[in-house]
Amino acid sequence: MILTKSIKNTHTEFHSDKLDVTATSSLSLLLCDHRLTVIAKNQNGSIIGVNLYPFLEKEELENILKTDVFINSPHEGNKLFVFNQNFCLVPGMLFDPENKSTYLHFSAPQDGQEVFFDGLENNKTILVGSIDESIFQLFSNYLPNFHISHGSHLVLEYLLEERPEMLNQELSIVIEQNQIYIAGFANKELKLFNRFEVANNQDFLKYTFSVLHQLAFDRMHCKITLLGNLEDIGVQEDVLSLYFKNLVVSTPRTNQNYLIGAEAYKETRNLAAFWTN
């Protein structure tokens, strides 16, 4: 089997070895701290190719949207997942869509933001997020009728599916570029969810110890599951194992299908390479 990974001057491609761009039926896009990932699927829901772009300026992002082969191919559905610090969880029974911006008051800027929300567990919990209005408009120009969600929605849907296998005290940590999303579960129920930027072992230990303290978890008993590429946050498993007795570095279970060659994207260890909602 040939795994097709091509590094261009401007981006990295993970394409099936017999790529037919015209087979594109839907797109999932992941926007995360100066990186855009474009995942293209055919009508059967199989991934035919992935393009991963770094960028620094808004103009570079617009050029990506103008030129990406999948974005510019005829297709139907578009999902955009935004990974940033602007999000909060609201109990479904208390949520009022007309006041959606109010819920972000303590976690995100209010001015110049496009606010959006999604339900979890049949709207038991509502995830509210936001993105800069100018960036939202940029995607609107090139992706008509797209659905926008916070990246936490992808993370939480996966982790909530994993609850039947969890212990009484468990932290699940998902790595996305230079960020970690930490979910704390007690007796299989979600008790805490937060996001932190991590660059080294010291950062990771600081935030993880803080969460353990908040939940009154025993670090020698609590199971800590890490999903993602440790190199993205500058940490080493052997160092972390000195502090946590029950640490597991794992690969997400998958519900994604790939055409032959495109599965090279799994080498990134990103959650989206294995799981989709």
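**Salt bridges between loops and a strand**

Analyst: Let's begin with Arg253, which counts as partly exposed because its relative accessibility is 37%, a value that falls between the cut-offs of 20% for buried and 50% for exposed. Keep in mind that this is a predicted model.

Now for its partner. Side chains of opposite charge can pair when their charged atoms come close. Here Arg253 meets Glu162 in a salt bridge, with 2.2 Å from N to O. Find Arg253 in the loop between strand E15 (247–250) and strand E16 (257–258), then look for Glu162 in the loop between H3 and E11; the two are 91 residues apart in sequence, so their pairing ties those parts together.

Next, move to Arg163. Glu121 forms a salt bridge with Arg163, and their closest N and O atoms are 2.5 Å apart. Glu121 sits in the loop between strand E8 (113–120) and E9, while Arg163 belongs to the loop between helix H3 (151–161) and strand E11 (169–176), so this bridge ties together parts that are 42 residues apart in sequence.

Are these two partners buried or exposed? Glu121 is partly exposed, at 32% relative accessible area. Arg163, by contrast, is buried, because its relative accessible area is 17%, below the 20% cut-off.

Arg163 also has a salt bridge with Glu189, where the closest N and O atoms are 4.0 Å apart. Glu189 lies in strand E13 and Arg163 in the loop between H3 and E11, so here the parts tied together are 26 residues apart in sequence. Glu189 is partly exposed, with a relative accessible area of 36%.

The structure as a whole holds 7 salt bridges.

Strand E13 (189–197) is among the elements that give two or more residues to its lining, along with strand E3 (26–32), helix H1 (58–67), strand E6 (77–83) and strand E9 (125–132). E9 gives the most, with 3 residues. The lining has 22 residues, and Leu31, Asp33, His34, Asn84 and Ile135 lie nearest the centre of the pocket. Sorted by class, the lining has 8 nonpolar, 8 polar and 6 charged residues.

How values were computed: Residues are numbered from 1 along each chain as its sequence is written. This is a predicted model: local features need pLDDT of at least 70, side-chain atom pairs count only at pLDDT 80 or more; totals for chains, interfaces and linings use all residues. Side-chain values use heavy atoms; hydrogens and water are left out. On a 1 Å grid over the protein atoms alone, a cavity is a set of points where a 1.4 Å probe fits but cannot get out, and a pocket is an open set with protein on both sides within 12 Å along at least five of seven lines; lining residues have an atom within 4 Å of a point. Helices (H or I, at least four residues) and strands (E, at least two) are DSSP runs, numbered from the N terminus. Ala, Val, Leu, Ile, Met, Phe, Trp, Tyr, Cys and Pro count as nonpolar, Asp, Glu, Lys and Arg as charged, and the others, Gly among them, as polar. A salt bridge is a side-chain nitrogen of Lys or Arg within 4 Å of a carboxyl oxygen of Asp or Glu. Buried means under 20% relative accessible area, exposed over 50%, partly exposed in between (1.4 Å probe, protein chains only).
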